[in-house]
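Visitor: I would like to learn how to read salt bridges in a model. Could you guide me through them?

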Amino acid sequence: MGTIKNYMWIMIKSRVKEIYQKATELSLDILIPIYILSLGLELAHFFPTLNRINIWDEASYIHSGYRLLTAGEFPNLANSPLSSLFYGITILPVINSPDYFVLANAIGRIILFSLIFFSTCLIARALKPYANSWIMLAMIVIVPVAAVMFLFPSDVLFAGFSGLAFWQMISFYKSRLPRHLWWASAFMGIGMLARAEGLLLMGVMLVVTVLMILRDQKISWRILPGLLTPFIMLVVSFILFYGLSTGDFDTGLAGRTFYNFESGHEVIYSQTGIFIPTVSARLESQEAFGTPEENNHSVFRAILRNPPVYFERLRRSVPSFVKFTTRAYGHKFILIFGWLSLRGLIALIRDRHCPLAVMSILWFIPLGVGWLNTFFREGYFLMPYFVVFSLSSIGLTRIIQNFDDKKEQIGIVIASSLLVLVSLVAGNTTMLYRGVLFILGLGLIYLLRLRIRDFSRWRNHALWLLLAVVLVMRGGYPSPELPDYGNSGLEQSVYFLQDHFQAGSNILSGAPANIWAARMIYYGINAYDIPDFADENEFLIWIQAQDIHALYIDQHFPAAYKDMALSLVGEGLEEIYTTSNRGILIYQVDSRGDL
């Protein structure tokens, strides 16, 4: 009997040791249940109805996937060909559904979430010598990075693949094996097909690799071709493929950069245009800096045309920069991430891991493009989220490791005081409340340390206690909702278009999402090339000349043109659909030209 008990005890100990080993290594059978849990917690974000989709960027990428699938059209390098391919794949299983647009988006969101989750896990595993891997894993579960970025899918794709490149760069730093540089280059090359910032980060990877060569004579200069070749092959191959297919070898990068520069003028937009603010701001930008053609699509040439206006844009951009930084990581966590990231950076420098510290700092270089264009949004700040999480994980790990050190304790007191002071100066009660909660959490683990003298046992208790505190700071998760398509007036208007017009009919509208969801061709009334109309008759003549079949009027349709359309009812336009609150109107165009 004693032998059986001993055998069972040995088996239990062996099993516990095996589970502990897998947990410390974040093995797949440990990660999958956490992934499923995280997926369930964010379920409310995965099945948006049409009115919850970004009607511009997100809709544009879904539509480009549809065009790739149905017409074989690839966008140029500047317009995220990877996003087109991605949504072409997600559309494929649902292409015959009347709800294909939202269903493809739902499939895409789940895949994008998975990309962010698992790329973060791989980075967390690579950080094991410098940080507790579970800290970074907790961050990606608690902070809804992917959910915030969903509205701009190219941001998520780029964040995922640049994160994989970051993971491989860390792996190369640890092992010095050249294959990791090859994979880092390949992942960044794929990321470049999502967003052009990949070119800047490829430069960062090159700088970091050269720094490592200079510091370590055992690393040969011959590894550099392995870093550059995959990236160059992927990007050049696509440029050649696109050029040979279309006859146009222009990457579109200069034009896209100038387009964003014009969009950045919205920071000082006068609010006097008849179009939506973004379009009207671009028109004002052309008045101040000249057209893209006049500047040969050079942002620097445009700036030199009117430096005072540009400097005014820069001045006005500072509040925008602060606002979007705070919104990206949340009022609850932004100061805490700042504190822990700085502590992590100091730890890397003190331990002479300078290449990692330099790489972490330089990975934020793409934000400089935002300053150049004076154009920011949340996704720009979240694309390097894994750098923030990595540094924060290292910082918190070092605080816990050195918790008994007087210098560390003084640092905690100073950082806590600064956190409270900044929150008070900002007048942000949410920031103050969550910051104080985190400080109280550190106070509790200090009291715990006075009672538990065994450091390893105390550390485990401390991390669990901090996790509980951070979950309280995070607050509740949104309740999951089952998809309920087709019940809103907006979605019913899409069904109406599908039932009453042939696919590919030309529809004039203020925004594209609903038109593309109906498989129609979007004609934008918020566009540069819309002429000035003397009266409604000229407006009708222009509509008929463009072979437009219907007008889709909602809140995005400019008021001046809406008034013209209303005056043409019965005189060239026929109302064929309206929602109960008349928020959406569909007018069929009399193509015979009778007024």
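Visitor: Is Arg-195 buried or exposed?

Guide: Arg-195 is buried, its relative accessible area being 12%; buried means under 20%, exposed over 50%, and partly exposed in between, with a 1.4 Å probe and protein chains only. Please keep in mind that this is a predicted model, where local features need pLDDT of at least 70, side-chain atom pairs count only at pLDDT 80 or more, and totals for chains, interfaces and linings use all residues. Residues are numbered from 1 along each chain as its sequence is written, and side-chain values use heavy atoms, leaving out hydrogens and water.

Visitor: Which residue forms a salt bridge with Arg-195?

Guide: Side chains of opposite charge can pair when their charged atoms come close. A salt bridge here is a side-chain nitrogen of Lys or Arg within 4 Å of a carboxyl oxygen of Asp or Glu. Arg-195 pairs with Glu-197, with 3.1 Å between the closest N and O atoms, and Glu-197 is buried at 11%.

Visitor: How many salt bridges does the structure hold?

Guide: There are 14. One of them joins Arg-343 and Glu-408 at 2.7 Å, N to O. This pair links distant parts of the chain, 65 residues apart: Arg-343 lies in helix H16 (residues 334–350) and Glu-408 in helix H21 (residues 406–426). Helices are DSSP runs (H or I, at least four residues), numbered from the N terminus. Arg-343 is buried at 10% relative accessibility, and Glu-408 is buried at 8%.

Technical notes. Helix = DSSP H or I, 4+ residues; strand = E, 2+ residues; numbered from the N terminus.
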